[in-house]
Amino acid sequence: MKNLKFIIFFSAILLSSCYSAIPAGYISMNNQKYPNIIEKYDEFKDKTFYRNKSISGIDNIIAVYAGFNKEKYLRLEASTGGSNWIFFDEVILLNSKKEKITFNFDPLNRQTKVSQYGVSEKYDTNLSDSKGKEFLNFLSSNNGNISVRISGEKYREYKLTTTQVIGLIDILNFYFNEL
């Protein structure tokens, strides 16, 4: 009986860790049109942030989030990690039609971290409405894989999952149609 209780307890922990959790401070909006959009209100700054919960995890290379504080705005996050630094300042996405979209970053805005697991680099920068629409059109016209190259002194390549692409399209549509 003790073994059965242990197995049930361990299974519950394992299953809960596989669940796509909502980041701390965010709540579901209960919006039927955008069920994966989550929000967080910062009462000190009087700002509301919106993300797609399917692209809010630590394994995301590129993410978009929206905010509202008297005016709406878009932000783009790009990150990478591994055993070696890349010192990236550019992200290029290539879709199934061989179309490209490029994002350039100011190296002074890079956030870096060293841990026992390796190194990580991250940018969080403004995304203009025109670049956001270009990004939405780029993602929406795609019918296959999207490749990502994060480059600087070195480079690293990734493939976006269907869930990540849908999540990016979803948050961009929410921004342009609902905010």
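K70 sits in the loop between β4 and β5. Before going on, note that this is a predicted model, in which local features need pLDDT of at least 70, side-chain atom pairs count only at pLDDT 80 or more, and totals for chains, interfaces and linings use all residues. Residues are numbered from 1 along each chain as its sequence is written, and side-chain values use heavy atoms, with hydrogens and water left out.

What is the phi of K70? It is near 70 degrees, a positive value in a residue other than glycine. Most residues other than glycine have a negative phi. K70 is also exposed, with a relative accessible area of 76%; here exposed means over 50% relative accessible area, buried means under 20%, and partly exposed lies in between (1.4 Å probe, protein chains only).

Now for the overall plan. The protein chain has three helices and 11 strands. These elements are DSSP runs numbered from the N terminus: helices are H or I with at least four residues, and strands are E with at least two. Along the sequence they follow the pattern α-β-β-β-β-β-β-β-β-β-α-β-β-α.

Which strands form the open sheet? Seven of them do, in the order β1-β2-β3-β4-β5-β9-β8, with antiparallel pairing. The edge strands are β1 (27–28) and β8 (111–115), each pairing on one side only. Two strands count as a pair if DSSP finds at least two bridges between them. Look at β2 (residues 37–42) and β3 (residues 47–52) inside this sheet: they run antiparallel and are joined by six bridges. Among these strands' residues, I38 has R51 in β3 as its bridge partner.

Helix α2 (residues 129–140) packs on the sheet, touching β4 (62–69), β5 (71–82) and β9 (118–127). Its direction makes about 115 degrees with that of β9. Such angles run from 0 to 180 degrees between N-to-C directions, and the axes are lines fitted to C-alpha atoms, for helices over the stretch in contact; contact means heavy atoms within 4.5 Å. Helix α3 (residues 162–178) lies across β2, β3, β4 and β5, running at about 20 degrees to β4.

Which residues of α2 are buried? They are G132, F135, L136, F138 and L139. These residues cover an arc of only 160 degrees around the axis, which puts them on the same side of α2; the arc is that of the directions from the helix axis to the C-beta atoms. In general, an α-helix has 3.6 residues a turn, so residues three or four places apart point the same way. The face of α2 turned away from its buried side carries the exposed residues S130 and N137.

One more pair of strands deserves a visit. Strands β10 (residues 146–151) and β11 (residues 155–160) run antiparallel and are joined by six bridges. They form a hairpin with three residues between them, and S151 stands opposite Y155 in β11.

Finally, step back to see the whole chain. Buried residues make up 35% of its 179 residues. Of the contacts between residues at least 6 apart in sequence, 58% join residues at least 24 apart.
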